[in-house]
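The sequence and the model are shown first, and the description follows.

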Amino acid sequence: ADGIFWMKYGDFLNEFSALSICRVRLGYFSCSFDISPAQPLAGQPLATCAAVLTLPEDFPSSAGVSLSMLQSEPAGDRAQPLFAGVGLQVFELSDSEPVHLATSAFAARREVSVDARVRPGGRYLVVASWRAGGASARGCRLCVYGPGIVRLTP
């Protein structure tokens with residue numbers, strides 16, 4: 001909800017474990033859905049999940065999109081949440097082979113994001129990765145945000 005409110009800093013620390021700031025731009029659209037890590041193959045360090053990003057032919061040329069992966073809040077101690085190591089990669093799907101466009105930082109934090117330059121009518125593979133072991137990998141929300149209507153499908 002939009003609005004302004006005031007509270008003491010100590011009260012804020014008692015009530016909230018995270019603060020998210022969203023950059024909103026006039027004429028931008030978002031698309032998102034929940035994803036979960038697949039079981040990693042034996043001996044592999046990462047579990048993955050993929051989605052396809054499709055842009056319409058009338059998408060603004062030379063535009064960029066922002067993709068983010070937001071981990072669910074862990075149960076338990078809100079003051080010391082443990083997040084799995086996560087990361088995103090973006091590949092353009094072409095007739096021959098995928099072309100790597102961008103990679104986010106791979107980090108044990110609640111959200112990772114990456115910006116990618118895209119083209120009208122393009123199709124892109126978005127690969128989300130979780131580090132196997134350590135802090136338990138949990139579901140995430142995968143979101144794309146850009147200057148035109150896009151389709152993001154699992």
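A hairpin of 6 residues links strand β4 to strand β5. Here strands (E, at least two residues) and helices (H or I, at least four residues) are DSSP runs, numbered from the N terminus, and two strands are said to pair if DSSP finds at least two bridges between them. The model is predicted, and local features need pLDDT of at least 70, side-chain atom pairs count only at pLDDT 80 or more, while totals for chains, interfaces and linings use all residues. Residues are numbered from 1 along each chain as its sequence is written, and side-chain values use heavy atoms, with hydrogens and water left out.

**The chain as a whole**

The protein chain contains 1 helix and 9 strands. Followed along the sequence, these elements give the pattern α-β-β-β-β-β-β-β-β-β. The protein chain has 154 residues, of which 32% count as buried; buried means under 20% relative accessible area, exposed means over 50%, and partly exposed lies in between (1.4 Å probe, protein chains only). The accessible surface of the protein chain is about 9800 Å², and carbon and sulfur atoms account for 55% of that surface. These areas come from the Shrake-Rupley method with a 1.4 Å probe, and for residues only the protein chains shown count as cover. Of the contacts (heavy atoms within 4.5 Å) between residues at least 6 apart in sequence, 75% join residues at least 24 apart.

**The sheet of five strands**

Five strands form an open sheet in the order β5-β4-β7-β2-β9, and their pairing is antiparallel. Its edge strands are β5 (99–103) and β9 (151–153), each of which pairs on one side only. On average, neighbouring strands of this sheet are turned by 25° against each other, direction ignored; axes are lines fitted to C-alpha atoms, for helices over the stretch in contact, and angles run from 0 to 180 degrees between N-to-C directions.

Strand β4 spans residues 86–92 and is mostly covered, with 6 of its 7 residues buried. The table lists pairings within this sheet.

| Strand pair | Bridges | A residue and its partner |
|---|---|---|
| β4 and β7 | 7 bridges | Phe 91 and Leu 125 |
| β2 and β9 | 3 bridges | Thr 54 and Arg 151 |

Strand β7 covers residues 123–131, and strand β2 covers residues 46–54.

Thr 48 belongs to strand β2. Is Thr 48 buried or partly exposed? Thr 48 is partly exposed, because its relative accessible area is 38%. Leaving aside residues up to four places away in sequence, Thr 48 touches Pro 37, Ala 38, Val 127, Ala 128, Ser 129 and Trp 130. The C-alpha atoms of Thr 48 and Pro 37 are 5.4 Å apart, although the two residues stand 11 residues apart in sequence.

**The sheet of four strands**

A further open sheet consists of 4 strands in the order β1-β8-β3-β6, with antiparallel pairing. The strands at its edges are β1 (29–35) and β6 (111–117), and each pairs on one side only. Neighbouring strands here are turned by 15° against each other on average, direction ignored.

Within this sheet, β3 pairs with strand β8 (residues 140–146) over 6 bridges in the antiparallel sense. Ser 66 is located in strand β3, which runs over residues 64–71, and Ser 66 stands opposite Tyr 145 in β8. Ser 66 counts as buried because its relative accessibility is 17%. The side chain of Ser 66 also makes a polar contact of 2.6 Å with the side chain of Asp 115. A polar contact is a pair of N or O atoms within 3.5 Å; within protein, one must be able to donate a hydrogen and the other to accept it, and residues adjacent in sequence count only if both atoms are side-chain atoms.

**Cysteines**

How many disulfides does a search of the whole structure find? The search finds 0 disulfides, a disulfide being a pair of cysteine sulfur atoms within 2.5 Å. For Cys 31, the closest cysteine sulfur is that of Cys 143, at 7.6 Å, which is too far for a bond. For Cys 140, the closest cysteine sulfur is in Cys 49, and the distance of 9.1 Å is likewise too far for a bond. Cys 140 counts as buried, at 2% relative accessibility.
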